[in-house]
Amino acid sequence: MYFDVTVMQKGHKRVELLQADNKVAVIGVAKSKFPGAMIIKAVETSAPLEVVMANFMKNLKKGAKKKIPVPDKISTIRQIAVMTDAGIPINDTLADVSENTDNKDLKEIYAVVVNDINSGRSFTDAMSKFADDFGNVTIAMTDLGERTGNISGAYHKLSDILEDIRDNTAKFKKGIRSPLITLTAMGIAFTILIMVVVPKFKEMFDKFETELPLPTLILLALEKLFNDYGLLFLAGMFIFINTIKYLYKNNPEVKLKIDTLLLHPKFYLINKVIFLSTMHKYTLVFGELVKAGIPVAEALDTAVGMVDNSLIKNKLLTVNANIGRGMSLAEAYGKTGLFENMLLQMIKAGEAGGQLDAMLDKVTEYYNMSFQDIIDNLSTYIEPIMMFFIAGLVLLMALGIFMPMWDLGKAAN
């Protein structure tokens, strides 16, 4: 955080820009930096432009950094589960994993985690530094293992979860591969026609002083855009996309707006994929925590920590507060608007019968089945959109070229 600190020194008042974690800390920094000066006030301000740009470039490089392959992560997590199950201390286990893994990034990460643990930090705190590399699910399951004293069981379950995520990702990529190839080929063909064919017709249209139809005007405008501003347009798109990615990661308000937008009903299919995958992971982790004997209030706090979507996370954060006001878990979940009535009835029955963990397993299974149904039938859901898009491109090209040709004879006369 940055602060404009007003300092009075030797009768002169000036404003200094200082960085600290909070207002109390920045006053201490100012006193040590300007001994004998009077600190009048400190007002939080935005970071200077050079810092913003430096952070932007840092995130750009970080985004370009190659991600750690999921199979490598699963392999090391399985190894940790097996070694801790054999009674080997966690720091010795991680040191051995760091030494034997072939992935350089994982080798460095586990070495840092070992040093942190040897310095007195908990396993969860040490792993939290690498949440971007491992994901919030790993942090939540690490916390579960520490709370229950069963790292082995938690990490065996974690490896199963990561394998499910890997398989679902592979299914998703396979489902959209054919539509993407088709759309890419269509887009390339359309671009070539715009840049090569349309200019030939443009020369012919210019010879006749006649009013051109709207599709033709659109094609001519696209031709001018591609030929005159193509590279500038691509550069602008690159900057825009990376700016949005930077703001999404670093600005909570922007992240909330984008997450809310992605869950809007107008975002066909995307909203369901995000919602179902998020709720499946949340209920899975929460159920495992409850099953392990963790109090519901603590389990809720831990489980909500692995939710990435800000809108869903904000709604789930209200659950614990409502339980503190005397509501049951089912009632608190009902207030969020995230759970169907059938699922709320199942949770309510689980609470009443002392079988909450069993009912949470069924809720998790329901979300998983719904998510798998979308992934397995992805091509079927995408095909209508793809056909509509292709038909639109073909119709625009056909009308744009042939409509004015129908009037050429009239124009020649």
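With which residue does Arg166 form a salt bridge? In this predicted model, the partner of Arg166 is Asp167, and the closest N and O atoms of the pair are 3.6 Å apart. Arg166 is partly exposed, with a relative accessible area of 32%, and Asp167 is likewise classed as partly exposed, at 36%. Salt bridges with shared partners also join Lys157, Glu288, Lys291 and Asp361 into one network.

Side chains of opposite charge can pair when their charged atoms come close. Across the whole structure, a search finds 13 salt bridges. One of them links Glu163 to Arg78, with an N to O distance of 3.3 Å. Because Glu163 belongs to helix α9 and Arg78 to helix α3 (residues 70–85), this pair ties together parts that are 85 residues apart in sequence. Glu163 is partly exposed at 23% relative accessibility, and Arg78 is partly exposed at 26%.

A further salt bridge joins Asp116 and Lys129, at 3.1 Å from N to O. Asp116 sits in helix α5 (residues 104–118), whereas Lys129 occupies the loop between α6 (123–128) and α7 (131–134), so the contact ties together parts 13 residues apart in sequence. With a relative accessible area of 12%, Asp116 is buried; Lys129, at 45%, is partly exposed.

Lys67, Lys173, Lys174, Arg177, Lys245 and Lys249 form a positive surface patch. Helices α9 (151–206) and α10 (214–250) each supply at least two of its residues, and the largest share, three residues, comes from α9. Lys174 is located in helix α9 and counts as exposed because its relative accessibility is 60%, where exposed means over 50%.

Notes
Residues numbered from 1 in each chain as written. Predicted model: local features only at pLDDT ≥ 70, side-chain atom pairs only at ≥ 80, totals over all residues. Heavy atoms only, no water. Patch = residues over 30% accessible without salt bridge, like charges linked within 9 Å, V, L, I, M, F, W, Y side chains within 5 Å. Areas by Shrake-Rupley, 256 points an atom, 1.4 Å probe, with all protein chains shown as cover. Salt bridge = Lys/Arg side-chain N within 4 Å of Asp/Glu carboxyl O. Lys, Arg positive; Asp, Glu negative; His and termini not counted. Charge placed at Lys NZ, Arg CZ, Asp CG, Glu CD. Helix = DSSP H or I, 4+ residues; strand = E, 2+ residues; numbered from the N terminus. Buried < 20%, exposed > 50% of the residue type's maximum accessible area, 1.4 Å probe, protein only.
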